[in-house]
Amino acid sequence: MSLSIPPLVSLRGLAKSFANGTTALSGLDLDVRDGEFLSLLGPSGCGKSTALRLIANLSQPDGGTIDWRDGKRPEIGFVFQDATLMPWASIFENVWLPLRLRGTSRADAGSRIREVLDLVGLKEFEKAFPRELSGGMKMRVSIARALVLRPALLLMDEPFAALDEITRLKLNRDLLRLRAELGTTTVFVTHSVYESVYLSSRIAVFTQRPGRIATEIEIAYDGPRDEDFRVSPFYVEKCRATSRALEQVMAE
Amino acid sequence: MSAERALPMLVCAAVLAAWETLVRWAEIPPYILPAPSLIATTLITDWGTLSGSLWVTLRITALALALAVGIGVALAILFAQWRWLERSFFPFAVVLQVTPIIAIAPLLLVYLEPGTAVLVCAFLVAYFPILANTALGLASADHNLRDLFDLYRATRWQQMRLLRLPAALPYFLGGLRIAGGLALIGAIAAEIAAGTAGRGAGLAYRIVEAGYRLNIPRMFAALFLISIAGIAIYLALEAVSRLALRRWHDSTRERGA
């Protein structure tokens, strides 16, 4: 990563409090670089999700700045903890939504929708309704929907936290495959050390509330992130270092 | 036929048989309690008069329900778009709802043609569950989905059409089923208050009229028709509801297995 390229977005001194008096973030400094997979890791309630919502402009900071390199917010895809699909709409229509809100007709959107559904392995399910799908499949639809506008930045808020372990591992692999194909810059909120090390090129460890960045851990690994990676000394060492960082945060 | 359906029918048949036997055995005169067979006969012999009145009542009920749907949903949408509108006008909606219709009817009859007054009464009874349920439904759209719409900078109208209205549909349909029965009740109550005779007379007037003439079998026959109409309205609206929600709502999901 060349230092001469400014980050896609810079957060400086972000602060956010809520009406009930809790201060979620205080003095958060964070850069998101092009093409990276950045995990925000921290104890629950540390403001990771709040940081993500601020980046997506779903919520306004009380202090600090969010600077986009190009001066304006690029196209953003957002994946929530729940699949957050419209239960009354077919899978096709759910993925169509972002395009539809931009005025793209069903016919014009068709090929792009099939493309992203194919990408997440759900090509045959376009006519199905959400309730007919498993939790993991619904989450894939949610990811397809987030990708349909070809976002420059993908924000994921603990997307796999509610899924069982097997589905979660499978979706982790799928996400890596998608990353390899699309290279979309991704910010991923999680509270799982293993998940963050497996997926990320960089991990930002949050302090307890009010959250800011305690430490950053680079996961520079050039090889394929397959099952061998999961048992490699490199992976184990990174997990240990990340766990230690998290323990330190919790001890403060 | 499943036991689930056979059982209530069996009970119904037993009650009718007991009723018939009691009337014949105790020789109860028909002006006190007519036997079911006599009510059935009356239904056939008086069908000309009764069917005309049934049609009048059903027409008013349907019209009132249609008005209740149109105005109730429109108000709910307006209230959802502009909170100050809701704060200003919802109290009036509640006042109209909680004042018993039988008390409002005489006043309406002073101001309006009897036919119109009956229609307005039926509407006043029926609109509130639709307004209240739809308003609740519009406010109940999933907050993450609302965030998603915000993220993609959806307009208010897009948010209403693609998110809030579909989310409100199950609530609306619940209100509709209640309103269907209430529209009939409102129409009947207002007809009794109006006392319209002649060609425009509804079933309720037939009951009042039969009461004056001590024609008790006809009273029962008219009552029977009103019950059947109420049941039919409920079943029809339930069918509409199931049909509209069959693909996606949890209420239509097959259970068990």
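Me: Is Thr186(A) buried or exposed, and at what relative accessibility?

Reply: This is a predicted model, and what follows is computed from it. A residue counts as buried under 20% relative accessible area. Thr186(A) has 1% relative accessibility, so it counts as buried.

Me: Where is Thr186(A) found, and with which residues is it in contact?

Reply: Thr186(A) belongs to strand β7 of chain A, residues 185–190. Setting aside neighbours within four places in sequence, its contacts are Glu36(A), Phe37(A), Leu38(A), Leu154(A), Met156(A) and Arg179(A).

Me: Next, aromatic rings. How many aromatic pairs are there over all chains?

Reply: Two rings pair if their centres lie within 6.5 Å, and planes over 60 degrees apart count as edge-to-face. Over all chains, the search finds 15 aromatic pairs. One of them is Trp88(A) with Trp248(B), with 5.7 Å from centre to centre and 75° between the planes, which makes the pair edge-to-face.

Me: Why does the pair of Trp88(A) and Trp248(B) join two chains?

Reply: Trp88(A) lies in the loop between β5 and α2 of chain A, while Trp248(B) lies in the segment after α10 of chain B, so the pair joins two chains. Another edge-to-face pair is formed by Tyr127(B) and Phe128(B), at 6.1 Å centre to centre and 90° between the planes. Tyr127(B) is buried at 3%, and Phe128(B) is buried at 16%.

Me: Which residues form one aromatic cluster in chain A?

Reply: The cluster consists of Tyr198(A), Tyr221(A), Phe229(A), Phe234(A) and Tyr235(A). A charge can also sit over a ring. Here the charged end of Arg230(A) is placed over the ring of Tyr198(A), 3.6 Å from the ring centre.

Me: What is the area buried between chain B and chain A?

Reply: The size of an interface is often given as the accessible area lost when the parts come together. For chain B and chain A that area is about 2,300 Å², and carbon and sulfur atoms give 61% of it. Tyr152(B), Arg247(B) and Trp248(B) supply 33% of what chain B buries against chain A, more than any other three residues. In terms of contacts, 24 residues of chain B touch 27 residues of chain A.

Me: How many salt bridges are there between chain B and chain A?

Reply: There are two salt bridges between these chains. One salt bridge is between the side chains of Glu132(A) and Arg247(B), at 3.4 Å from N to O. Six residue pairs are in polar contact across the interface. On the side of chain B that touches chain A, α7(B) gives the most, with seven residues.

Me: Last, the backbone. Which residue other than glycine has a phi near 55°, and which peptide bond is cis?

Reply: Most residues other than glycine have a negative phi, and most peptide bonds are trans. Glu27(B) has a positive phi, near 55°. This residue is in the loop between α1 and α2 of chain B, and at 66% relative accessibility it counts as exposed. Arg153(B) also has a positive phi, about 50°. Arg153(B) is in the loop between α7 and α8 of chain B and is exposed at 54%. The cis peptide bond joins Arg209(A) and Pro210(A), with omega about -5°. Pro210(A) is placed in the loop between β8 and β9 of chain A.

How values were computed
Residues numbered from 1 in each chain as written. Chains lettered and ligands numbered in written order. Predicted model: local features only at pLDDT ≥ 70, side-chain atom pairs only at ≥ 80, totals over all residues. Heavy atoms only, no water. Phe/Tyr/Trp six-rings, centres within 6.5 Å; stacked < 30°, edge-to-face > 60°. Helix = DSSP H or I, 4+ residues; strand = E, 2+ residues; numbered from the N terminus. Buried < 20%, exposed > 50% of the residue type's maximum accessible area, 1.4 Å probe, protein only. Lys NZ or Arg CZ within 6 Å of the ring centre and 35° of its normal. Contact = heavy atoms within 4.5 Å. Buried area = accessible area lost by both parts, 1.4 Å probe. Salt bridge = Lys/Arg side-chain N within 4 Å of Asp/Glu carboxyl O. Polar contact = N/O pair within 3.5 Å; in protein donor to acceptor, adjacent residues only side chain to side chain.
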